[in-house]
Amino acid sequence: MSGTVAEQLIDDHLVEGEMEPGEEIALEIDQTLTQDATGTMVMLELEAMDVERTETELSAQYVDHNLIQEDNKNPDDHLFLESACEKWGVWYSAAGNGVSHPVHQQRFGIPGKTLLGSDSHTPAAGAMGMLAIGSGGLDIAMAMAGEPYHVAMPEVWGVELTGELPDWCSAKDVILEMLRRHDVDGGVGRVIEYHGPGLETLTAMDRHVIANMGTELGATSTVFPADDAVKQFLAQQGREDEFRELHADDDAEYHVTETIALDEIEPLIAKPSSPGNVVPVTEVAGDDLYQAYIGSSANPGLRDFAVPAMMVAGERVPPAVSFDVNPTSRQLLQNLTEMGYLGDLYASGARVHQAGCNGCIGMGQAPATGRNSLRTVPRNFPGRTGTREDSVFLCSPETAAASALSGKITDPRTLEDTHDMTYPEWSEPEAVIVDEASLSPPPEEPGGELEKGPNVKSLPAFEAVPDSLAGPVLMKVGDDISTDEIMPAGSDVLPYRSNIPKISEWVFDQVEQGFYQRAEDAGAPWLAVGGSNYGQGSSREHAALAPYHLGMRAALAVSYARIHWQNLVNFGIVPLEFVDRDDYDAIEQGDTLELPSVREELQNGSDVTVRNATRDTTFTAEHTLSPRQVEIVLQGGMIEDYKN
């Protein structure tokens, strides 16, 4: 073992397996994180598993996604989640308290711990020297029940940071540089570990920005050392006694190495509609602007709002620009108010919204059709905003604020000439207002009844995999299809997160409106075919559960995103991969595929025979399931496996 921070964390929590890249390992989980878009399913899964109470050191449930209360569905689910926290012994963060990731870092982040979250951006906690991994809700339910988490041992990708960021650049530009170099699948099978002298210039919240969006690289997680920056952050939050120093050994060796010279970073921006579509801001400067949006878990720190506030102080945003400010926590709002920054934002013409995920997940602040929206959020997948034909760019708070002031996409460095503006000088205060009023601890004696509104439905029944499978390819998609395209988010859809029959009406809707009816007419079983990196993005297991409800029983893809692949396994959907990409190219949507010996072949090896009955051809696919996962799939998923 070479002694990287990631390997130390894994070794400290290793329950099963060998620490060889690609080998399945099992990890003890100290903490779990759930949010309302995914946590409702976690709690229903705990109920289905007959769990009596959580077995983790700490589990926390946040209400941050579904805050719009246009009818009973969201508030009913909030009450359901609150009752579930009482029943199983979980911390409860109420609506309006803030986004899960920054709040968890402020209140519960502890160096050296493991965190498993039902949100793909859970690795943000790696900023604290934690091993934090996003996964599907059923994996989190298992961890809450005391079961270890199984994952393929990742490679450790060491990224050395040197120098110091220039004016008008910040941590968002660092992770955009990583995405510019490596696109959305460059981190697959890896933990990214940042090290080097450049770390001295990055605060714990700067590191949060970088760790959060490591997810967009497809990485299993991102880790930073626990050093003075982490100690200062914990002291600021009144928790210095929970600090533990954690560094890579002097002779640590990384499987992959890279260097980023921070002083060479320039303002960057990801063009529509992929986080990997990164170019310098200068390439799109001057383009029209409809909206500039600041906030989200990808830029949640005090400085991410204070610096834009200093930039717009005494200025007025043009009335044609919607300048949206989405605070990430109630605590942040109090500090922005106390320091005077909130007043500067309001006076500039900003629209200030409640603390939560909001527009990042398509819950309000949707842009006009086809109009350019600059956002500090982590993702710009098609239609994620709630507007089907959206045009979203990802950028830093500096670029968003500069563009808001100018009324067009703007390189913030040009403000020195156009607005006679110097870069605002910002340093983190030693202490801040700490607000825990909306964060309820678990009861000393968990128990009680679940409070279920009419929108909370039981999970569907899960069937064992039969000896053979045959069905039509109801959907064929290309490379890098995201879970937002398989199962959209947004204010129309996510309120049905606890109602699988209803939410299934939006399966693949972003790809083909009305797909649901085709699936209903076809009935079970049917298959989906995808290109490389199928299912990138969100950890929402609805992207597996809802297709399962409609009759999907197998998927064939060139390759899968880690979390979605695991979710398919968890619910008994057979995930196969093409050995030869030509076989993918030869399949047309509507072809009938047969898996004549699927059960036997899954048990006996990695090859699975596939016959295209429509074209009278046969080819070999493969699976990468461990023996443990084979048994899970064959039984119909993890719940059936747990109960048996």
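**A buried helix and other parts**

Helix α12 (residues 397-406) is largely enclosed by the rest of the structure, because nine of its ten residues are buried. Buried means under 20% relative accessible area, exposed means over 50%, and partly exposed is in between, using a 1.4 Å probe and protein chains only. This is a predicted model, in which local features need pLDDT of at least 70 and side-chain atom pairs count only at pLDDT 80 or more, while totals for chains, interfaces and linings use all residues. Residues are numbered from 1 along each chain as its sequence is written, and side-chain values use heavy atoms, with hydrogens and water left out. Helices (H or I, at least four residues) and strands (E, at least two) are DSSP runs, numbered from the N terminus.

The buried residues of α12 are P397, E398, T399, A400, A401, A402, S403, A404 and L405. Among the elements that cover them are the strands β15 (291-295), β16 (322-326) and β18 (372-375), together with the helices α9 (302-312) and α13 (415-418). Just after α12, G407 has a positive phi of about 80 degrees.

Q365 sits in the loop between β17 (351-352) and β18. With a relative accessible area of 16%, Q365 is buried. Not counting residues up to four places away in sequence, Q365 touches Q291, Y293, D324, N326, H353, N358, G359 and R375; contact means heavy atoms within 4.5 Å. R388 is in the loop between β18 and β19 (391-394). R388 counts as partly exposed, at 30% relative accessibility. Leaving aside neighbours within four places in sequence, R388 is in contact with G383, D509, Q510 and Q513.

Next come two pairs of helices. The axes of α18 (residues 562-570) and α21 (residues 627-635) come within 8 Å and cross at roughly 55 degrees. Axes are lines fitted to C-alpha atoms, for helices over the stretch in contact, and angles run from 0 to 180 degrees between N-to-C directions. α18 and α21 are therefore oblique to each other. Angles under 35 degrees count as roughly parallel, over 145 as roughly antiparallel, 65 to 115 as roughly perpendicular, and the rest as oblique. W565, Q566 and V569 of α18 make the contact with Q629, I632 and V633 of α21. By class, this contact of α18 with α21 has four nonpolar, two polar and no charged residues. Ala, Val, Leu, Ile, Met, Phe, Trp, Tyr, Cys and Pro count as nonpolar, Asp, Glu, Lys and Arg as charged, and the others, Gly among them, as polar.

In α21, the buried residues are Q629, V630, I632, V633 and L634. They pack against β2 (24-27), α18, β24 (574-578), α20 (598-604) and α22 (638-643). Just after α21, G636 takes a positive phi of about 105 degrees.

The other pair is α7 (residues 204-213) and α8 (residues 228-236), whose axes come within 9 Å and cross at roughly 110 degrees. α7 and α8 are therefore roughly perpendicular to each other. Here A204, M205 and R207 in α7 meet A229, V230 and F233 in α8. The residues of the contact of α7 with α8 divide into five nonpolar, no polar and one charged.

The structure holds eight cavities of 30 Å³ or more. On a 1 Å grid over the protein atoms alone, a cavity is a set of points where a 1.4 Å probe fits but cannot get out, and lining residues have an atom within 4 Å of a point. Grid points are joined across faces, edges and corners, and a volume is the space filled by probe spheres set on the points. About 200 Å³ of space lies in the largest cavity. Its lining has 20 residues, of which T215, G218, G537, A561 and I563 lie nearest the centre. α18 gives the most to this lining, with three residues. The lining divides into six nonpolar, eleven polar and three charged residues.

Some backbone details remain. Most residues other than glycine have a negative phi, and most peptide bonds are trans. D183 is not a glycine, yet has a positive phi of about 65 degrees. D183 lies in the loop between α6 (171-182) and β10 (190-195). The peptide bond from A524 to P525 is cis, with omega near -5 degrees.

Methods
On a 1 Å grid over the protein atoms alone, a cavity is a set of points where a 1.4 Å probe fits but cannot get out, and a pocket is an open set with protein on both sides within 12 Å along at least five of seven lines; lining residues have an atom within 4 Å of a point.
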